[in-house]
Amino acid sequence: MTAVSDRRQLAYIAAQAADARVNVELEAEGMTLNIGPQHPATHGTLRIVARLDGEQVIEADPIMGYMHRGYEKLAEVRTYPQVTTLINRIDWLGSFANEVPFILAAEQLMDIEAPPRAQHIRTILFEMARIANLTLFLGDMGVQLGAVTPVFYAFRDREHILNQIEAATGGRFHPNFDRIGGLKDDLPAGWVAETKESLGHITKFCNLMDDLLIGNEIFEARTRGIGVVPADVALSYGLSGANVRASGVDWDLRRDNPVGLAYDKVDWKVWTHPDGDSFARYWVRLQEVRESVKIVEQLLDTIPSGPIMAKVPRIIKVPEGEAYVETENPLGVMGYYVVSKGGLNPFRVKIRSASFSNMSITPWLLKGTYVPDVITILASLYFILGDIDR
Amino acid sequence: MTALFATDFFWETWPWWADTIFRLIFAIVAVLLPAGATVYLYLFKMVSFMQSRLGPMEAGPYGSMQLLAEVGKNLQKEDIFPARADRTVFAMAPYVVLLSTFLLAVVIPFGPEATFIDLDTGVYFALAVSSVSVIGILMAGWASASKYSLLGGLRAAGQLIAYELPLILAVVGVVIQAGTLNLQDIVTAQNQQEIFGWGAIGNPFILTQMLGFIIFLIAVQAELTQVPFDMPIAESELVSGYMTEYSGFRFLMFFIAEFATANIFAFLGATLFLGGWSVPPFLTDLLGIAWDSPIMNLVGPFVMLTKMLLLTFIFYWVRFTYPRFREDQLQKFAWKVLIPLSLMNIAITAVFKVVF
């Protein structure tokens with residue numbers, strides 16, 4: 001764990017002071033404000049019940065489950081290949097990334113390993129899903145703070161990546177491309193060159209966001225020191241992904257535990273930020289997109305030849321056993337705990353989705369903040385509603 | 001026909017109400033036509049190009065009839081009153097806001113004789129009535145019986161009061177330099193004064209009052225509750241604030257008031273800082289007419305329209321570029337930066353006025 005910087009410590013003390021102040025004023029008559037379930041800042045149907053004193057939040061309580069679809073239960077009545085169509089809809093902005101950990105868990109149970117070419121292409125698509133997901137975050141943060149223009153650039157440039165995902169998998173949003181033992185298809189001809197070109201748009205977009213938002217005084221004033229999460233608090237609430245890296249914890253499963261993916265073959269860097277505030281979370285994600293572009297560019301140059309599918313029986317029966325695989329998804333750590341009783345369908349699937357754990361810190365984090373900061377903090381924690389209510 | 005206008009008979013039989021109707025129609029045209037123009041040009045088209053999209057393209061050639069479609073859409077909608085709303089106040093609020101817009105337009109001169117009223121205290125009147133809209137916004141926020149509206153209304157009240165002061169103080173510099181509160185005389189002063197003995201372009205006060213002009217623009221942006229000062233309507237936080245509960249015709253009134261007020265403030269800014277309805281004197285010299293010849297009554301409105309479009313361009317450019325401040329940051333900015341700067345501006349202007 002890295003040392004706590006001065007600014008973070010000060011902000012932490014300020015937050016503690018706000019906490020204490022709130023406790024004194026708890027008796028005061030407040031106003032209860034329902035943020036959501038239909039509110040533009042909750043990108044979906046998250047509901048936050050905030051007790052206000054003026055514009056200060058005394059108490060905030062996230063209420064989830066308005067969009068619960070019961071995927072864990074539904075997975076029990078589907079065969080293994082069918083499950084991927086379901087779990088595509090968990091984090092709907094980076095769909096391919098949802099399939100990978102489940103498929104890896106199933107492969108682990110069946111003791112199959114995908115051929116190197118399939119692993120390689122899996123990693124490429126995984127990173128492209130991350131780019132597609134985080135690009136939208138980079139623009140959307142502007143909208144939450146009142147700058148409407150960046151999100152249009154995000155939509156524009158993300159489209160290039162989505163086009164490439166569509167060209168390779170046939171699905172713009174929900175590829176459903178990963179199979180136990182490999183991938184559905186090989187890459188189409190000319191795809192590598194086109195993808196390299198589309199990555200150029202993303203690099204330009206990152207530089208644009210550097211100018212438009214990172215370099216903007218108002219953006220800094222609105223995000224610096226807002227929603228400070230110290231490293232130990234972040235870990236104890238089970239935060240993961242960029243949220244925890246923005247608090248200075250150097251933890252990335254892509255580097256630390258690259259199961260079945262080709263991350264060890266490329267040269268890249270895990271970015272952390274010592275501050276732990278909303279600005280740090282935005283900054284870390286911006287660097288992450290840049291790193292993803294670097295990863296994909298290197299992987300595109302070194303795709304090995306060979307089959308894309310291992311030898312897999314026509315009807316997939318998974319032997320009895322349990323497996324838990326987690327990967328570093330765009331929103332944080334996503335894991336699947338799969339229990340098999342040897343049948344066609346999983347006996348039990350437990351999905352550990354990143355946003356659900358990330359949201360658990362909101363009652364602690366929102367205490368003592370102001371209403372505009374609630375929006376900043378929610379936006380910078382970055383959740384996708386499908387990832388909260390599965 | 002011209003002979004008819006020239007006869008005493010015509011003016012004696014010109015009924016008293018004809019003049020009133022003429023002024024009324026002109027006032028409505030002066031407020032609504034520029035509002036429509038800026039909404040189409042900037043809100044629909046310029047912003048679309050900024051955001052790499054086309055904007056409305058279907059209604060009329062190049063989407064130019066889109067505004068009529070929007071008005072028609074809003075007129076058809078149901079007029080909804082929230083269950084616990086204070087109905088009278090709720091219904092009146094949009095009219096109060098719109099009233100402030102029309103009152104503001106009353107003192108703007110569009111030509112040597114083309115004025116609605118030529119008040120001796122024009123600047124004072126304009127800045128005073130511009131605050132009437134705060135009452136309307138507070139009424140809307142309170143009467144809606146919605147928590148979001150209430151937060152928005154209170155934010156608006158706090159913000160508009162804070163930014164009234166820099167707005168007034170920024171204009172004081174102009175008043176000192178012109179030596180009058182009459183808007184018509186301020187235009188005259190900008191044409192007849194000289195900058196260091198060089199009078200080809202007159203003395204538009206933007207050159208000598210640059211600081212005042214910038215503070216004026218910032219304060220107007222806050223007064224209009226546009227980004228970066230749009231906390232009262234903050235779409236991503238308060239879901240349009242005090243306008244949340246309004247629909248149909250009443251929402252349309254708020255919409256018109258918002259954009260028409262932007263234009264009127266731009267008219268005011270053009271009058272105070274850009275020379276108003278007049279063109280630079282060297283142009284009129286070239287044509288061999290006096291700078292205030294009667295023909296300017298016809299040309300003046302178009303000159304004003306051009307200058308207004310220039311200023312509103314800046315408003316919308318900023319509006320769609322910046323993120324928004326937080327409420328406390330906005331207050332700090334007003335009281336700690338803008339007001340000291342504008343006081344400094346007044347002091348410097350006063351010293352120069354006495355020395356030269």
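Trainee: In the hairpin of E2(A) and E3(A), which residue takes a positive phi?

Mentor: Good place to start, and keep in mind that this is a predicted model. The residue is Gly54(A), with a positive phi near 70°, in a hairpin that has two residues between the strands.

Trainee: How do I read the pairing of E2(A) and E3(A), and how many bridges join them?

Mentor: Strands of a sheet pair through backbone hydrogen bonds, either parallel or antiparallel. Here strand E2 (residues 47–53) and strand E3 (residues 56–63) of chain A run antiparallel, joined by seven bridges. To follow the pairing by eye, find Arg47(A), which stands opposite Ile63(A) in E3(A).

Trainee: What is the order of the strands in the open sheet of three strands?

Mentor: The order is E6-E7-E8 in chain A, with antiparallel pairing. E6 (321–329) and E8 (348–352) of chain A each have a single partner strand, so one side of each is left without a neighbour in the sheet. On average, neighbouring strands are turned by 10° against each other, direction ignored.

Trainee: Which helix packs on this sheet?

Mentor: That is helix H4 (residues 95–110) of chain A, which touches E6 and E7 of chain A; its direction makes about 150° with that of E6(A). E6(A) and E7(A) themselves pair over nine bridges, and one pair to look for is Glu328(A) with Val333(A) in E7(A).

Trainee: How many residues of chain A are in contact with chain B?

Mentor: There are 26, in contact with 23 residues of chain B. Among the elements giving two or more residues to that side of chain A are strand E1 (31–35) and helix H5 (116–144). By class, this side has 17 nonpolar, six polar and three charged residues.

Conventions. Residues numbered from 1 in each chain as written. Chains lettered and ligands numbered in written order. Predicted model: local features only at pLDDT ≥ 70, side-chain atom pairs only at ≥ 80, totals over all residues. Contact = placed C-beta atoms within 7 Å. Helix = DSSP H or I, 4+ residues; strand = E, 2+ residues; numbered from the N terminus. Nonpolar A, V, L, I, M, F, W, Y, C, P; charged D, E, K, R; others polar. Pairing = 2+ DSSP bridges. Axes fitted to C-alpha atoms, helices over the stretch in contact; angles between N-to-C directions.
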